[in-house]
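Please look over the structure shown here, and follow the explanation below with the coordinates open beside it.

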Amino acid sequence: MKHRMLSAAVAAMMATPVLAAEGERVQITGEMIDTWCYYSGVMGGPDAVQGTAHHTCALWCSAGGIPVGLLAEDGTVYMVLKIEGDDGSAGGDTQLRLASHTITADGMLYTRDGINYIVVEDVVSDAGITNPNHEDFGPVPGFAIPDPNQ
Amino acid sequence: MRQLGQRIAAPLAACLLAAPVAAQDFSEGSEAKSWNLAAEQPARFEARVVDILCELTGDCPENCGDGRRQLGLERSADGVLVYPNKNAQPAFTGAVVELLPYCGREVEVDGLMIDDPDLGARNIYLVQRIREAGGDWVKADRWTGEWAEAHPDAPGKGPWFRRDPRIRAEIEAHGYLGLGEEADAAFIEDWF
């Protein structure tokens, strides 16, 4: 009897990680960023891979199919899977058009294995590009803007 | 005997409860090349290629969305959904083109895992090679070739990201900084 109870408990615990995630309605304000440059540090620190400094690279990465994230004001990143019915999260036009923009997104949040995902049902507001950090960092990477002298 | 059973059962249960939060080492057998990233770890594992939006919401089109959607790797060892953000090319290119041929199938992948608590990065992956069970490894570097085939008449010189029509249109409309032509001109004059 004891063995059967222990086996059942073990089986239940082993099964836990594969349970489907549940969604939660949220409204998030943040910047649409290129997640690989942000997470990997390949281009420098997190402050340098957002805003105007990194806008051209954000276009490259979005068009290249790298996941786009919504970087909230508290530093949380939400991986964007869909925007207003457009499921083109791998190089789609809607995500490309919104690169580096600060938006307020209303939608459903899903969390799984330490990653936040958002399905944006409505872009409540789009403030455009609001972080003029090229004044601090220059273009990131340095070759993002072609040198007119070469 | 009863006490012995309790002594065995308690640590076992604690161990199993702790398993989902403990970082596992998937570096054994990996031949991943380093990118000299601060948080990178070699990671080779078996997984099923899945449409992430489908997995989370139940919205599941044919063939994982035919390349429109981001794809995930549901790891066989622990069920964790790994997010491949990057392919093997240093060219601003993602992983979907590389993984789409394996939609819904079991594969083995080799690459670099990024887990950086300071940035909130968990289970973020750069895939360098892929194979099905018993098959040959395939390098995850097809993206630029696929782009070239799709854009035989793209104007200009240099790498794809200088010539891509959609990127060129965005820069033409809003500038390199995204603030318009005047802001670009002032910055370029000052910076270079």
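How many salt bridges does the rule find across the interface of chain B and chain A? In this predicted model, the rule finds six salt bridges across that interface. One of the salt bridges in the model joins the side chains of Arg112(A) and Glu55(B), with an N to O distance of 3.6 Å.

Among the pairs within chain B, Arg129(B) forms a salt bridge with Glu31(B), and their closest N and O atoms are 3.8 Å apart. Because Arg129(B) lies in strand S5 (residues 121–131) of chain B, while Glu31(B) lies in the loop between helix H1 (2–18) and strand S1 (40–51) of chain B, this pair ties together parts that are 98 residues apart in sequence.

The second largest pocket holds about 430 Å³ of space, and its lining is made up of 24 residues, of which Ala63(A), Ala90(A), Gly67(B), Val97(B) and Trp143(B) lie nearest the centre of the pocket. By class, this lining has twelve nonpolar residues, together with six polar and six charged ones. Helix H3 (96–99), helix H4 (143–150) and helix H6 (165–174) of chain B each supply at least two of the lining residues, and the largest share, four residues, comes from H4(B).

Most residues other than glycine have a negative phi, and most peptide bonds are trans. In chain A, Val140(A) and Pro141(A) are joined by a cis peptide bond, with omega at about 0 degrees, and Pro141(A) is placed in the segment after helix H5 (134–137) of chain A. In chain B, Asn63(B) has a positive phi of about 50 degrees although it is not a glycine, and Asn63(B) is found in the loop between helix H2 (52–57) and strand S2 (71–75) of that chain.

Methods. Residues are numbered from 1 along each chain as its sequence is written. Chains are lettered from A and ligands numbered from 1 in the order in which they are written. This is a predicted model: local features need pLDDT of at least 70, side-chain atom pairs count only at pLDDT 80 or more; totals for chains, interfaces and linings use all residues. Side-chain values use heavy atoms; hydrogens and water are left out. On a 1 Å grid over the protein atoms alone, a cavity is a set of points where a 1.4 Å probe fits but cannot get out, and a pocket is an open set with protein on both sides within 12 Å along at least five of seven lines; lining residues have an atom within 4 Å of a point. Grid points are joined across faces, edges and corners, and a volume is the space filled by probe spheres set on the points. Ala, Val, Leu, Ile, Met, Phe, Trp, Tyr, Cys and Pro count as nonpolar, Asp, Glu, Lys and Arg as charged, and the others, Gly among them, as polar. A salt bridge is a side-chain nitrogen of Lys or Arg within 4 Å of a carboxyl oxygen of Asp or Glu.
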